[in-house]
Amino acid sequence: MKSLEFRREREESWRELEGLIVRVEASGLVTLTAAELSRLPVLYRATLSSLSVARAISLDANVLEYLESLAARAYVCVYGAKRPALEAARRFLAVRFPATVRVLRRQLALSAALMVLGALTGLGLTATDPNRFYALVDDDYAAGRTPAATTAELRQVLYDDKHPADVLGAFAMYLFTHNARVGMLCAALGFAAGVPVMLLLFTNGLLLGAFAALYQDRGLGIEFWAWILPHGVTELLAVVLCGAAGLAVGESLLFPGRHTRLVNLGLRGRDAGVVVLGAVLMLLLAGMIEGVFRQTVHDVALRLSVALLSALLWTVYFTRVGREGAP
Amino acid sequence: MSAALLAAPRGRVREVVTPEGVPLRWTLADTGERAGAFLLDLVILASASIVLLIASVILVGAAGGIGFAIALVAFFVLRTFYFTFFESRWKGATPGKRALRLRVVDAHGGPLTAEAVFARNLTREIEFFLPLVALLAPASLGESLPGWARLVSLGWLLVFALLPLFNRDRLRPGDLVGGTLVVRAPRALLLEDLSGARPSAQAAEARYAFTREQLDIYGIYELQVLEELLRSQGPVRWQSLRAVSEKVQAKLRWQPPVADHDAERFLHDFYVAQRRRLEQKLMLGHRQERKRAATRTR
């Protein structure tokens, strides 16, 4: 029988591959010697070809099932190969992240515009009638920073330094984990066609605008921006990036373009994943600036120059870094 | 004979073309398996959280604010990166998936990238944790909202949570966003070829010869069910063999009847002859899937 001869000829190489695969599955590619490692792709291809032949000529269900399963396991081992963690991290920061942000620049513009629009609306509404502040900002969130507070109290918040040094670290990390979860939620909501993302961005802007108007009203405008921008540049940018990721996901569902919706969603979803992962790192940075730097440095000029510097750095990073070797 | 009883449960199959151009057939994991793997992961996640909680109480006691900062980040990392870490390090399987022999693979045949893994786990929050919280504490959806609005939001959230039940491939939103599939990755064993290994203590030569007409009755499906029966073990094996042997004899109009104790030998010889015949036909381009419809008329 042809199928029996075929099996006798090839069986040895299947067994050899299976032996390698079992070891790789148990403890990774590192367990293989150099010679074995170079055998792996050869055996994998041989098994794939065996599978094709077996499908054409063999009716032995066990052999077919075995080859299907072996080929699939080998495929995962061969194509699941990972770069070393450090190299992967370097490539992510130096190429993948900034390059993907550039891919999503239209969504980024829309997302930033929504937040700015929200801020301007909040600013305008509260500036014309301070009482609207209460409609825009939740009582819990305001934590006493309302039009009813005295200027001295409002000022106190900007130069709060009653925390001992070791509480600052905890504060920074609290801010980071909170913001990161909000950012990831923002991106994930893109799956709902992007509508909740737009709402989130806009209301975020409203809050910012309402507070800005409140402080402006008391003549603390510059000091307010000096308080919020050193970390705010990084933090707001990260939030806008998460929003852009969410919008990209939503857009891929609404306007699939050349691919089918599902294929397109899969492609855009990965871009979104890259951007959100980068944004989480940015939020970590922002949390540290907010929790430590802002609580210890009170000089307005210094605060503003840090804000300016970070804005400059991000601009250079997102426009210049990783132009070669981009995917 | 009950073919349904012998045949292994077969799920939906999705073909994924490898970069070498060979389609691999993945059997998709069903809802139960995936839910099981997820539950297992949740249990692990919960136990890890408890350990972490105890550790952080000790840490805060010893190191104060810094200890608290470390604990906060540890909780965040555990909750956010548990799935991502294992799926990208363990070749697409979390501990729960590994226990149930499931794997995440790229839906289009490429390598499973870290981005895809991160993206598919990003939506877990709105798929699972948010609907869960909304179900347990409806007030969290917004205290100021009227009842109907909360109901609408809950329904909206449940659409995400229950999405896997409403599509053929059992994809959850994360699979759609990441472009991934969750498949079964069983380990099949290579058994002896039946045509090579005859029942021991018997002659190597076939005792029963079949005519071409007799071999043209059954198709591939019946052949493979017979293979499964011959390979099977267990208490009812002999009964099944006798029953099947009688059915086959009736179908082939076999004379004289085969003795009961020789049923296995008869079926074995029939299997070998039948496979040879069907493989011959296959090579000539004729694939006979099932038994002939004409012979079914009785």
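## Two chains and where they meet

Helix 12 (residues 261-296) of chain A packs against helix 5 (residues 114-122) of chain B at an angle of about 85°, and their axes are 8 Å apart. Here axes are lines fitted to C-alpha atoms, for helices over the stretch in contact, with angles running from 0 to 180 degrees between N-to-C directions. Helices (H or I, at least four residues) and strands (E, at least two) are DSSP runs, numbered from the N terminus. Helix 12 of chain A and helix 5 of chain B are therefore roughly perpendicular to each other (that label covers 65 to 115 degrees; under 35 is roughly parallel, over 145 roughly antiparallel, and the rest oblique).

This is a predicted model, where local features need pLDDT of at least 70 and side-chain atom pairs count only at pLDDT 80 or more, while totals for chains, interfaces and linings use all residues. Residues are numbered from 1 along each chain as its sequence is written, and chains are lettered from A in the order in which they are written.

So who touches whom? On the chain A side of this helix pair, the contact includes A:Gly269, A:Arg270 and A:Ala272, and on the chain B side it includes B:Glu115, B:Ala116 and B:Phe118. Being in contact takes C-beta atoms, placed from the backbone, within 7 Å.

Zoom out, and 58 residues of chain B are in contact with 55 residues of chain A. Helix 3 of chain B gives the most to the side of chain B that touches chain A, namely seven residues.

Now for the inside. The largest nonpolar core has 126 residues, and A:Ala245 is one of those with the most contacts inside it. Such a core is a set of buried Ala, Val, Leu, Ile, Met, Phe, Trp, Tyr and Cys residues joined through C-beta atoms within 7 Å; buried means 20 or more other C-beta atoms within 10 Å of the residue's own, placed from the backbone, against 12 or fewer for exposed and in between for partly exposed. Helix 11 (residues 221-254) of chain A supplies the largest share of this core, 18 residues. Beyond its neighbours within four places in sequence, A:Ala245 is in contact with residues including A:Leu104, A:Ala272 and A:Val276.

Conventions. Contact = placed C-beta atoms within 7 Å.
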